[in-house]
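Keep the picture open beside you and find each piece as it comes up.

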Amino acid sequence: MPPGRVVNFTDSQLQDCYERNFAAVTDLSTELRQVRALIGAHDLFQMLEGPHSSRVHETIEHLLVPGLRPGLRRWYQRSGAETNPAAVALRDHLSQLAGERLEP
């Protein structure tokens, strides 16, 4: 997914959540806004529906698209990256699925 590419979900609630999260952040590059919006949607649906939710899995699929991988690495390597337990767990899970360490 190259920067600026529209993210399309199969679920309309997931699409709405992603678009709201994307629009809410204006001080990052498009690529990092996409990552932030995907993580925001992931976090919401994981909280509401649990880790095995199809919506959670779909956000993970989008986060791991090869074209977005550089942005995902930058997200976790940037100064001030979140270090709360849930953020670390997601980072570690994505690192495992991607087969690479996403943090510095």
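This is a predicted model: local features need pLDDT of at least 70, side-chain atom pairs count only at pLDDT 80 or more; totals for chains, interfaces and linings use all residues.

Helices α1 and α2 pack with their axes 8 Å apart, at an angle of about 130°. That angle makes α1 oblique to α2. The crossing of α1 over α2 is right-handed. On the α1 side, the contact is made by Gln-13, Leu-14, Cys-17, Tyr-18, Asn-21, Phe-22 and Ala-23. On the α2 side, the partners are Thr-30, Arg-33, Gln-34, Ala-37, Leu-38, Gly-40, Ala-41, Leu-44 and Phe-45. Sorted by class, the residues of this contact between α1 and α2 are ten nonpolar, five polar and one charged.

One member of that contact deserves a second look. Ala-23 sits in helix α1, which covers residues 12-24. Is Ala-23 buried or exposed? Ala-23 has a relative accessible area of 53%, and because exposed means over 50%, Ala-23 counts as exposed. Its C-alpha atom is 24 Å from that of Thr-83, a residue 60 places away along the chain.

| Helix pair | Angle between axes | Distance between axes |
|---|---|---|
| α1 and α2 | about 130° | 8 Å |
| α2 and α3 | about 160° | 8 Å |
| α2 and α4 | roughly 75° | within 9 Å |

Now follow α2, residues 30-49, to α3, residues 54-63. Angles over 145 degrees count as roughly antiparallel, so α2 and α3 are roughly antiparallel to each other. This time the crossing is left-handed. From α2, the residues Val-35, Leu-38, Ile-39, Ala-41, His-42, Phe-45, Gln-46 and Glu-49 take part. They meet Arg-55, Val-56, Thr-59, Ile-60, His-62 and Leu-63 of α3. The contact of α2 with α3 holds eight nonpolar, four polar and two charged residues.

How much of α3 is buried? Seven of its ten residues are, so α3 is largely enclosed by the rest of the structure. The buried ones are Arg-55, Val-56, Glu-58, Thr-59, Ile-60, His-62 and Leu-63. At the N-terminal end of α3 you can find a cap: a side-chain oxygen of Ser-53 lies 3.1 Å from the backbone nitrogen of Arg-55.

The remaining pair in the table is α2 with α4. These two helices are roughly perpendicular to each other. Glu-31, Leu-32, Val-35, Arg-36 and Ile-39 of α2 touch Pro-70, Gly-71, Leu-72, Arg-74, Trp-75 and Tyr-76 of α4. Seven nonpolar, one polar and three charged residues make up this contact between α2 and α4.

Finally, look at Arg-69 in helix α4, which runs over residues 69-77. Its relative accessibility is 16%, and because buried means under 20%, Arg-69 counts as buried. Which residues does Arg-69 contact, leaving aside neighbours within four places in sequence? They are Leu-64, Ala-98, Glu-100 and Leu-102.

How values were computed:
Residues are numbered from 1 along each chain as its sequence is written. Side-chain values use heavy atoms; hydrogens and water are left out. Axes are lines fitted to C-alpha atoms, for helices over the stretch in contact, and angles run from 0 to 180 degrees between N-to-C directions. Helices (H or I, at least four residues) and strands (E, at least two) are DSSP runs, numbered from the N terminus. Angles under 35 degrees count as roughly parallel, over 145 as roughly antiparallel, 65 to 115 as roughly perpendicular and the rest as oblique. A crossing is left-handed if the near helix is turned anticlockwise from the far one by less than a right angle, and right-handed if clockwise. Contact means heavy atoms within 4.5 Å. Ala, Val, Leu, Ile, Met, Phe, Trp, Tyr, Cys and Pro count as nonpolar, Asp, Glu, Lys and Arg as charged, and the others, Gly among them, as polar. Buried means under 20% relative accessible area, exposed over 50%, partly exposed in between (1.4 Å probe, protein chains only). A polar contact is a pair of N or O atoms within 3.5 Å; within protein, one must be able to donate a hydrogen and the other to accept it, and residues adjacent in sequence count only if both atoms are side-chain atoms.
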